[in-house]
Amino acid sequence: MEVTSPEVTILDAAAATGAGTAINVKEFDYVTLMVSTVALSSLTAKVVGSAQQDEPDWATAAGADNHWDYVDVTDLEDEASIDGDTGLAVADAAEVRTLRVNVQGLTWLNANVTAYTDGSITVRAVAFDND
(Lines give C-alpha, C1' and ligand atoms only; values in the text may rest on other atoms or scores of the structure.)
Protein backbone atom coordinates (compact mmCIF):
# COMPACT_ATOMS: atom_id res chain seq x y z
CA MET A 1 0.00 0.00 0.00
CA GLU A 2 1.10 3.53 -0.60
CA VAL A 3 0.14 6.75 1.11
CA THR A 4 -2.21 8.65 -1.13
CA SER A 5 -3.56 11.36 1.13
CA PRO A 6 -2.06 13.94 3.44
CA GLU A 7 -2.62 13.54 7.16
CA VAL A 8 -5.97 15.01 8.20
CA THR A 9 -7.24 15.79 11.71
CA ILE A 10 -10.78 14.52 12.28
CA LEU A 11 -11.04 15.33 16.01
CA ASP A 12 -8.67 17.88 17.54
CA ALA A 13 -8.55 17.59 21.33
CA ALA A 14 -12.33 17.09 21.38
CA ALA A 15 -13.68 17.56 24.89
CA ALA A 16 -17.41 17.05 24.37
CA THR A 17 -19.78 14.75 22.54
CA GLY A 18 -20.18 15.26 18.80
CA ALA A 19 -18.73 14.41 15.42
CA GLY A 20 -15.48 15.66 13.98
CA THR A 21 -14.56 16.88 10.52
CA ALA A 22 -15.41 14.21 7.95
CA ILE A 23 -13.04 13.16 5.19
CA ASN A 24 -13.96 12.00 1.70
CA VAL A 25 -12.62 8.46 1.26
CA LYS A 26 -14.26 7.54 -2.05
CA GLU A 27 -10.94 7.04 -3.85
CA PHE A 28 -9.31 4.97 -1.10
CA ASP A 29 -9.35 1.42 0.25
CA TYR A 30 -8.11 1.86 3.82
CA VAL A 31 -7.65 4.61 6.38
CA THR A 32 -5.21 4.49 9.27
CA LEU A 33 -6.43 6.38 12.32
CA MET A 34 -3.99 7.66 14.92
CA VAL A 35 -5.96 8.06 18.13
CA SER A 36 -4.75 9.63 21.37
CA THR A 37 -6.41 10.75 24.57
CA VAL A 38 -4.99 12.75 27.46
CA ALA A 39 -4.48 11.31 30.95
CA LEU A 40 -7.63 10.50 32.91
CA SER A 41 -9.90 10.66 29.88
CA SER A 42 -13.30 9.00 30.20
CA LEU A 43 -15.15 8.86 26.90
CA THR A 44 -16.36 6.68 24.04
CA ALA A 45 -15.51 7.42 20.42
CA LYS A 46 -16.95 5.60 17.42
CA VAL A 47 -15.96 5.62 13.77
CA VAL A 48 -18.80 6.42 11.38
CA GLY A 49 -19.05 5.99 7.65
CA SER A 50 -21.44 6.67 4.81
CA ALA A 51 -21.76 5.63 1.18
CA GLN A 52 -24.16 8.40 0.21
CA GLN A 53 -22.94 11.04 -2.24
CA ASP A 54 -23.49 14.08 -0.02
CA GLU A 55 -21.97 14.23 3.45
CA PRO A 56 -24.56 13.17 6.01
CA ASP A 57 -25.55 15.27 8.98
CA TRP A 58 -23.65 13.35 11.66
CA ALA A 59 -25.55 15.14 14.44
CA THR A 60 -28.89 13.87 13.19
CA ALA A 61 -30.17 10.32 13.53
CA ALA A 62 -29.32 8.02 10.64
CA GLY A 63 -32.16 7.33 8.24
CA ALA A 64 -33.08 6.80 4.60
CA ASP A 65 -32.22 10.40 3.68
CA ASN A 66 -29.30 10.71 6.12
CA HIS A 67 -27.55 7.37 5.77
CA TRP A 68 -24.59 6.67 8.05
CA ASP A 69 -23.57 3.85 10.37
CA TYR A 70 -20.91 2.95 12.92
CA VAL A 71 -18.13 0.94 11.27
CA ASP A 72 -15.83 -1.78 12.55
CA VAL A 73 -12.13 -0.95 12.97
CA THR A 74 -9.05 -3.10 13.54
CA ASP A 75 -6.56 -2.29 16.30
CA LEU A 76 -3.14 -2.68 14.70
CA GLU A 77 -1.56 -3.55 18.06
CA ASP A 78 -3.08 -7.02 18.06
CA GLU A 79 -5.41 -7.16 15.00
CA ALA A 80 -8.40 -7.14 17.35
CA SER A 81 -11.69 -6.02 15.87
CA ILE A 82 -13.50 -3.14 17.58
CA ASP A 83 -17.19 -3.36 16.76
CA GLY A 84 -18.57 -0.15 15.34
CA ASP A 85 -21.55 -0.10 17.69
CA THR A 86 -19.20 -0.50 20.69
CA GLY A 87 -16.45 1.92 19.69
CA LEU A 88 -13.33 2.76 21.64
CA ALA A 89 -14.20 3.18 25.32
CA VAL A 90 -11.59 4.91 27.49
CA ALA A 91 -11.99 4.90 31.29
CA ASP A 92 -9.77 7.19 33.37
CA ALA A 93 -6.77 6.62 31.12
CA ALA A 94 -4.51 8.00 28.45
CA GLU A 95 -4.69 5.91 25.29
CA VAL A 96 -2.63 5.81 22.12
CA ARG A 97 -4.02 3.53 19.41
CA THR A 98 -3.42 2.94 15.73
CA LEU A 99 -6.51 1.65 13.95
CA ARG A 100 -7.23 0.49 10.39
CA VAL A 101 -10.58 1.09 8.71
CA ASN A 102 -11.68 -0.67 5.53
CA VAL A 103 -13.41 2.12 3.60
CA GLN A 104 -14.02 0.25 0.34
CA GLY A 105 -17.44 1.34 -0.88
CA LEU A 106 -17.68 4.30 1.50
CA THR A 107 -17.65 7.96 0.53
CA TRP A 108 -17.39 9.63 3.96
CA LEU A 109 -15.57 8.76 7.18
CA ASN A 110 -15.74 10.54 10.51
CA ALA A 111 -15.28 9.98 14.25
CA ASN A 112 -17.95 10.73 16.82
CA VAL A 113 -17.59 11.12 20.58
CA THR A 114 -20.79 9.47 21.78
CA ALA A 115 -20.17 9.57 25.55
CA TYR A 116 -18.06 12.06 27.45
CA THR A 117 -17.13 12.60 31.09
CA ASP A 118 -13.59 14.00 31.10
CA GLY A 119 -10.40 14.47 29.07
CA SER A 120 -10.02 14.90 25.33
CA ILE A 121 -9.40 12.88 22.19
CA THR A 122 -7.51 13.58 18.98
CA VAL A 123 -8.01 11.49 15.84
CA ARG A 124 -5.78 11.95 12.79
CA ALA A 125 -6.17 10.02 9.53
CA VAL A 126 -4.11 8.96 6.53
CA ALA A 127 -5.80 7.22 3.57
CA PHE A 128 -4.26 4.49 1.41
CA ASP A 129 -5.11 2.63 -1.76
CA ASN A 130 -3.98 -0.73 -3.12
CA ASP A 131 -2.39 0.57 -6.32
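**Surface and interior**

Reply: Happy to! In this predicted model, a patch of negative charge on the surface brings together Asp69, Asp72, Asp83 and Asp85.

Me: Is Asp69 buried, partly exposed or exposed?

Reply: Let's start with its place: Asp69 belongs to strand β7, residues 69-70. Its relative accessible area is 43%. Buried means under 20% and exposed means over 50%, with partly exposed in between. Asp69 is therefore partly exposed.

Me: Nice. Where is Ser120 found?

Reply: Look at strands β12 (108-118) and β13 (121-129). Ser120 is in the loop between β12 and β13.

Me: And why does Ser120 count as buried?

Reply: Leaving out residues up to four places away in sequence, Ser120 touches Ala13, Ala14, Ala15, Ser36, Thr37, Val38, Ser41 and Leu43. The cut-off for buried is under 20% relative accessible area. Ser120 counts as buried because its relative accessibility is 12%.

Me: Which strand holds Met34, and what does Met34 touch?

Reply: Setting aside residues up to four places away in sequence, Met34 is in contact with Glu7, Arg97, Thr122, Val123, Arg124, Ala125 and Val126. Met34 counts as partly exposed, with 22% relative accessibility. As for the strand, residues 30-37 form the one that holds Met34, namely β5.

Me: What separates the C-alpha atoms of Met34 and Asp85?

Reply: Asp85 is one of the residues in the negative patch. Along the chain, Met34 and Asp85 are 51 residues apart. Their C-alpha atoms are separated by 19 Å.

Notes: Residues are numbered from 1 along each chain as its sequence is written. This is a predicted model: local features need pLDDT of at least 70, side-chain atom pairs count only at pLDDT 80 or more; totals for chains, interfaces and linings use all residues. Side-chain values use heavy atoms; hydrogens and water are left out. Patches are made of residues with over 30% relative accessible area and no salt bridge: like charges are joined within 9 Å, nonpolar side chains (Val, Leu, Ile, Met, Phe, Trp, Tyr) within 5 Å. Accessible areas come from the Shrake-Rupley method with a 1.4 Å probe; for residues, only the protein chains shown count as cover. A salt bridge is a side-chain nitrogen of Lys or Arg within 4 Å of a carboxyl oxygen of Asp or Glu. Lys and Arg count as positive and Asp and Glu as negative; His and the chain ends are not counted. The place of a charge is taken as NZ of Lys, CZ of Arg, CG of Asp or CD of Glu. Helices (H or I, at least four residues) and strands (E, at least two) are DSSP runs, numbered from the N terminus. Buried means under 20% relative accessible area, exposed over 50%, partly exposed in between (1.4 Å probe, protein chains only). Contact means heavy atoms within 4.5 Å.
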